[in-house]
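Hi everyone, thanks for coming.

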Amino acid sequence: MRTTSRSLFAALALTPLLAGCFVSGEGGSDTGGEAGSGGRLRVALAVPPVQALSPYSNDATVLSKLAVAEGLTALNQGGAATPALAKSWTSKNPTTWTFELRKATFQDGTAVTAESVVNALEHAGEARPKPRVLSDVTLTATAEDADTVTISTKTADPVLPLRLASPALGILAPKAYAKNGTVSPVGTGTGPFEITKLTGKTKVSVDRYDDYWGGKAKATGIDVTWIADGTARANALRGKDVDIAEWIPTAQAKLLAKDTRHDVPSVRTDSLVLNTRSGLFTDPALRAAAREAVDGSALVDSVFGGYADPAQGLFGPAVPWSADNRVAVTGRAEAATTAQVKSKTKDRTLRLATYTNRAELPEAATVLQQQLEKAGFTVKQDVREYTQMETDLLAGRYDALVFSRVTLLDTGDAVAYLASDYTSNGVYNIPGLKDPEVDRAIKSAAEEADTAQRQKKVMRAEAEILRTDAVVPLVHEKVVQGISTEVEGVLLDPRERSLVDVDTRVK
């Protein structure tokens, strides 16, 4: 027996109590007409790839949306872990799990084995920067035999199967992993669709993989175009150039025929994120002044056209257990007065950033700029396409960011989101927050195995985060997807991880 092991760092996961996460939609071009020729789907996505579709970047969700790559597990409609490449699993003890693999092949024709699974997990752990899902629990993977993988943790991880459903932990063929650390999903996944050609940041061709373990997909392939401008995506749908257009701007939604627009309650929350590591907002009084100045409810109708709810916290209506467990926020800093803001920021400009991939964000930034200026700040906006500014965001080169975040994207678990975005060592800690009480609260939630208690601890952690004013929640979005009436079987997913599967097809 050959054994392979290594240490990974991963956030604990918790099954979210989400109902109806996937709904088959039927819709598309509002004027009808011919759909994709040859049974191929034509899809317009919003955010161009950052790292050539590497699963260790935000590109991971593209691999899951297009059903190219799979993990050991998947998430079902209720958000629970279900079999994917692993047909079953058992917990030997609180720190050890065993996964039995199904018979499957990679798209390069090689077999999925325990060794290849361990190899994929090793590379995920070694990636720099680490994927967001890999946070604060040490894990070791071992190939016991050809079809059995044992995964153990230093501390109890009662819901490990849920974490392994993360798009960032998709299992790729050994040839996907280059010695220089890059990863290519082209022809190396296990899903019903295979990437055959990636053209920079503009297009990708995906063909049906006929040897998929779950049976042949009904569509023969997918032709994807990245269109960062939301109005252009809506126009592409109306003009019958695409069959599916994601993230239709709310201003464009009502211009589509009713049977082509589908709004989905989303776990997406839009917030004003404040940089606590450098610049103006290292001052708690100025952060508090910014928090008091902005009013997210003003955005609901004016910017989002009613396709949003005023934010109650980091988690909204699509996370139904959050409301009953919400904790009052106490201990916030006293806000600087308008006169104090002007004095503290004299000859200094608040650098407010946002990105164009979600059409509502630049408009929201303009409203927030007016609110902040009324409170005494001098504000200058920096608005670009997301891939052009991600490095600067993570490096803390802005004072504030109007940010849209799918809170349960990475694992389906609220704890993983909090750990990656708000702990001192979080890999997606854009505000640069380093607060011992926040770290302790998130750690306590991560260690809790009981579902009800874990949810309560998540909301206590939310209150600790909001206390710091590092993030000011604005609205909870409803996502609008545009789907041609010539297409059926599109997945409408509040977590925005899934879009097409084996049943999605041109009628």
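Let's start with α12, which passes α14 in a left-handed crossing. Left-handed means that the near helix is turned anticlockwise from the far one by less than a right angle. Helices here are DSSP runs of H or I with at least four residues, strands are runs of E with at least two, and both are numbered from the N terminus.

Before going on, please remember that this is a predicted model, where local features need pLDDT of at least 70 and side-chain atom pairs count only at pLDDT 80 or more, while totals for chains, interfaces and linings use all residues. Residues are numbered from 1 along each chain as its sequence is written, and side-chain values use heavy atoms, leaving out hydrogens and water.

So how do α12 and α14 lie? Their axes come within 10 Å and cross at roughly 25°. Axes are lines fitted to C-alpha atoms, for helices over the stretch in contact, and angles run from 0 to 180 degrees between N-to-C directions. The two helices are therefore roughly parallel (under 35 degrees; over 145 is roughly antiparallel). On the α12 side the contact (heavy atoms within 4.5 Å) is made by A414, V415, L418 and Y422, and on the α14 side by R454, V458, A461 and I465.

Now bring in α13, residues 436–446. Helix α12, residues 414–422, packs with α13 at an angle of about 155°, with the axes 10 Å apart. That makes α12 roughly antiparallel to α13. V415, L418, A419 and Y422 of α12 meet V438, D439, I442, A445 and A446 of α13 here.

What about α13 and α14? They pack at about 165°, and their axes are 8 Å apart. That makes this pair roughly antiparallel as well. The crossing of α13 and α14 is left-handed, and among the residues in contact are E437 and I442 of α13 and K457 and E464 of α14.

How many cavities of 30 Å³ or more does a search of the whole structure find? The search finds six. About 70 Å³ of space lies in the largest cavity. Its lining has 13 residues, with W247, I248, R358, E360 and E477 nearest the centre. Strand β19, residues 471–492, gives the most to that lining, with four residues.A cavity is a set of points on a 1 Å grid over the protein atoms alone where a 1.4 Å probe fits but cannot get out, and lining residues have an atom within 4 Å of a point. Grid points are joined across faces, edges and corners, and a volume is the space filled by probe spheres set on the points.

Methods
Parallel < 35°, antiparallel > 145°, perpendicular 65-115°, else oblique. 1 Å grid on protein atoms, 1.4 Å probe; cavity = no way out; pocket = protein on both sides within 12 Å on 5 of 7 lines; lining within 4 Å.
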